[in-house]
Every structure is written in structure tokens, then in C-alpha cells.
Amino acid sequence: MHTLQTGEHVQCLDVLKVGFSSDSGAASHDCAILLEIWDHGALLQTSIRIPEGAPISFETIGEGVPAKVVSCEEDSYGFLLQVAVPESQWFPDAYTPPHVIWPS
């Protein structure tokens with residue numbers, strides 16, 4: 001097990017199915033690339049803008065991990081989302097991406 005400092009961001013790579021409500025309120029999904037992870041959050045690349053404050057779910061992790069969008073910024077490849085995740089259901093205890101660059 002790796003020892004991490006509280007809030008320490010770790011570079012990683014995974015592909016996750018993200019569920020959220022569309023502007024019309026209908027259930028919607030997108031494929032997100034997980035780029036960074038930490039004990040209370042993550043940085044994702046999506047193809048769809050998901051507004052700040054929106055609840056989302058990582059549907060491909062267990063029975064779904066709830067999260068909330070902290071920020072959403074457009075870039076050349078789509079949208080970078082920073083999300084907050086409840087600590088009791090997250091990294092590294094409940095979920096660890098398949099590709100992680102652990103700090104030295």
C-alpha cells in the first residue's frame with residue numbers, strides 16, 4: 001500500500017462511464033478519461049459540458065460512486081472536469097485506477 005498525503009494528487013489513467021442529468025433533466029451518459037485522482041476528488045476529460053454543481057456518478061465503479069462537479073473548463077479536446085467525491089467511497093481504499101504513477 002502506498003502512503004499518500006491528504007489531498008495529494010496522483011496521475012493516473014482509466015476510462016469511466018459517467019452518468020448525469022442533461023439540461024432537460026433526462027438521464028445522460030458520457031465516457032470520461034480519468035487523468036488525476038486524490039482522496040476527495042478527481043480530474044476528468046469529457047466530451048460533454050457538465051455544469052458546476054451538477055451531481056454525477058461513476059457508473060463503472062462498483063454500484064456507482066457519487067460525485068459533484070466542482071469546475072468545468074473547455075479545452076482543445078473537450079472539457080476538463082474537477083469533481084469532489086465523498087471520502088468514504090474513494091481512492092485508494094475503495095477504488096484504484098489500473099494505471100497509476102505513484103509518488104516517490
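Two strands count as paired if DSSP finds at least two bridges between them; strands are DSSP E runs of at least two residues, numbered from the N terminus. We're working on a predicted model, where local features need pLDDT of at least 70, side-chain atom pairs count only at pLDDT 80 or more, and totals for chains, interfaces and linings use all residues. Residues are numbered from 1 along each chain as its sequence is written, and side-chain values use heavy atoms, with hydrogens and water left out.

**Exercise 1.** Work out how β6 pairs with β3 and with β5.

*Solution.* 
- Start with β3 (residues 41–46): it pairs with β6 in the antiparallel sense, over 6 bridges. Thr46, for instance, has Phe79 as its bridge partner in β6.
- Now take β5 (residues 65–75), which runs antiparallel to β6 and is joined to it by 7 bridges. Here Asp75 has Gly78 as its bridge partner.
- Finally, look at the link: a hairpin of 2 residues takes β5 into β6.

**Exercise 2.** Find what Phe58 and Trp90 tie together, and say whether they are buried or exposed.

*Solution.* 
- Check the rings first. Phe58 and Trp90 are a stacked aromatic pair, 5.4 Å centre to centre with 20 degrees between the planes (ring centres within 6.5 Å, taking the six-membered ring of Trp; stacked is under 30 degrees, edge-to-face over 60, tilted the rest).
- Then check burial: Phe58 and Trp90 are both buried (under 20% relative accessible area, 1.4 Å probe, protein chains only; exposed is over 50%, partly exposed in between).

Notes
Helix = DSSP H or I, 4+ residues; strand = E, 2+ residues; numbered from the N terminus.
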